[in-house]
Amino acid sequence: MIALQMPDPSLGTVFPEAQAAGDIKFIRWETVNGIQAGVFSFAVPKKKTHFPINVCCFPNVDQAGMVTMPSPSGISSGASRARGNFQTNTDWSEYKATAPYHGELFIDPASGAVIRMITMADLKASEVVHRVDERIDYGPVTIGGKMLMVPLRTIIDTEVVPSGDSGLAGKYTTRRTLFTSEYKDYQVAGQ
C-alpha cells in the first residue's frame, strides 16, 4: 500500500516560491469549468523549494542467520539441501525529500483568483518515488456568510517502486496510483 503523508501543496507556499524563482510565464488561454482562464507556467529550483514529498511505506529487508550447505562429497543422491536458521526481517520506511518542482496556475482574469493549480515534483529516476503530480481545483464557497475560494477537488498521480528497489538493480516494477479527493460542506472552525 502506498500512502501520501504530506498535505496538498499550499497555494500560499507555491505562488511565493514561483514568484521568487522569477519564472512565471503566460503560456495559453484555457476554459476551466466554463471560465476562460489564463494559464501560467512556473518552475521552482531545488535551492528555492520547500515542496515536501513524504510517501509511505517502502521495505528495508535485512537477512539474518546462517545457512550451511553440505559438501559435495557428502551428498549421496545428487540433491543438495540447505540447513540452518535463515531469517528475513523487514522494516518499513517513508520516502522523504524536498523536491524542486514545476507546474501551472490557471487564473480567472476577471477576479484574479486561482481556479486550478498543477504541481509536478522533479524527482530522480533512481529514487523509489518517480512521480508525484497534483492538480487542485478551486471554487467559490460561502462559509460563515463570506464567499471564499477553497479547494474543491484534488487529483494526485503517483509512480513508485513498491518493492523499494529502484534503477540500481537494473530491473524493477513500478506502480501507478491515481488518488482523488473532493471537498464539500465547509464550515467555520468550531461550529
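**Questions on a predicted model**

Me: In which loop is Ile24 found?
Reply: This is a predicted model, where local features need pLDDT of at least 70 and side-chain atom pairs count only at pLDDT 80 or more, while totals for chains, interfaces and linings use all residues. Residues are numbered from 1 along each chain as its sequence is written, and side-chain values use heavy atoms, with hydrogens and water left out. Helices (H or I, at least four residues) and strands (E, at least two) are DSSP runs, numbered from the N terminus. On that numbering, Ile24 is in the loop between helix H1 (11-21) and strand E2 (25-32).

Me: Why does Ile24 count as partly exposed?
Reply: Buried means under 20% relative accessible area, exposed means over 50%, and partly exposed is in between (1.4 Å probe, protein chains only). Contact means heavy atoms within 4.5 Å. Ile24 counts as partly exposed because its relative accessibility is 31%.

Me: How many helices and strands does the secondary structure of the protein come to?
Reply: Read from the N terminus on, the elements run β-α-β-β-β-β-β-β-β-β-β. That comes to 1 helix and 10 strands.

Me: What share of the 191 residues in the protein is buried?
Reply: Of the contacts with a separation of 6 or more, 58% are between residues 24 or more positions apart. Turning to burial, the share of the 191 residues that is buried is 32%.

Me: How many aromatic pairs does a search of the whole structure find?
Reply: A pair of aromatic rings is described by the distance of the centres and the angle of the planes. Rings of Phe, Tyr and Trp (its six-membered ring) pair if their centres lie within 6.5 Å; planes under 30 degrees apart count as stacked, over 60 as edge-to-face and the rest as tilted. With these limits, the number of aromatic pairs found in the whole structure is 4.

Me: Are the rings of Phe42 and Tyr101 stacked or edge-to-face?
Reply: Phe42 lies in strand E3 (residues 35-44) and Tyr101 in strand E6 (residues 101-107), so the pair ties together parts 59 residues apart in sequence. Phe42 is buried at a relative accessible area of 3%, and Tyr101 is buried at 0%. The ring centres are 6.0 Å apart and the planes stand at 80°, so the pair is edge-to-face.

Me: How are the rings of Phe51 and Tyr101 arranged, stacked or edge-to-face?
Reply: Both Phe51 and Tyr101 are buried. Phe51 is in the loop between E3 and strand E4 (52-68), 50 residues from Tyr101 in E6. Their ring centres are 4.4 Å apart and their planes are at 25°, so the pair is stacked.

Me: How many bridges pair E6 and E7?
Reply: Two strands pair if DSSP finds at least two bridges between them. E6 and E7 form a hairpin with 6 residues between them, and Gly112 in the turn has a positive phi of about 80°. The sense is antiparallel, and the number of bridges is 7.

Me: Which residue in E8 does Arg116 stand opposite?
Reply: E7 is largely enclosed by the rest of the structure, because 7 of its 8 residues are buried. E7 and E8 run antiparallel and are joined by 5 bridges. Arg116 also lies over the face of Phe106, at 5.5 Å from the ring centre (the criterion is NZ of Lys or CZ of Arg within 6 Å of the ring centre and within 35 degrees of the ring normal). In E8, the residue opposite Arg116 is Asp137.
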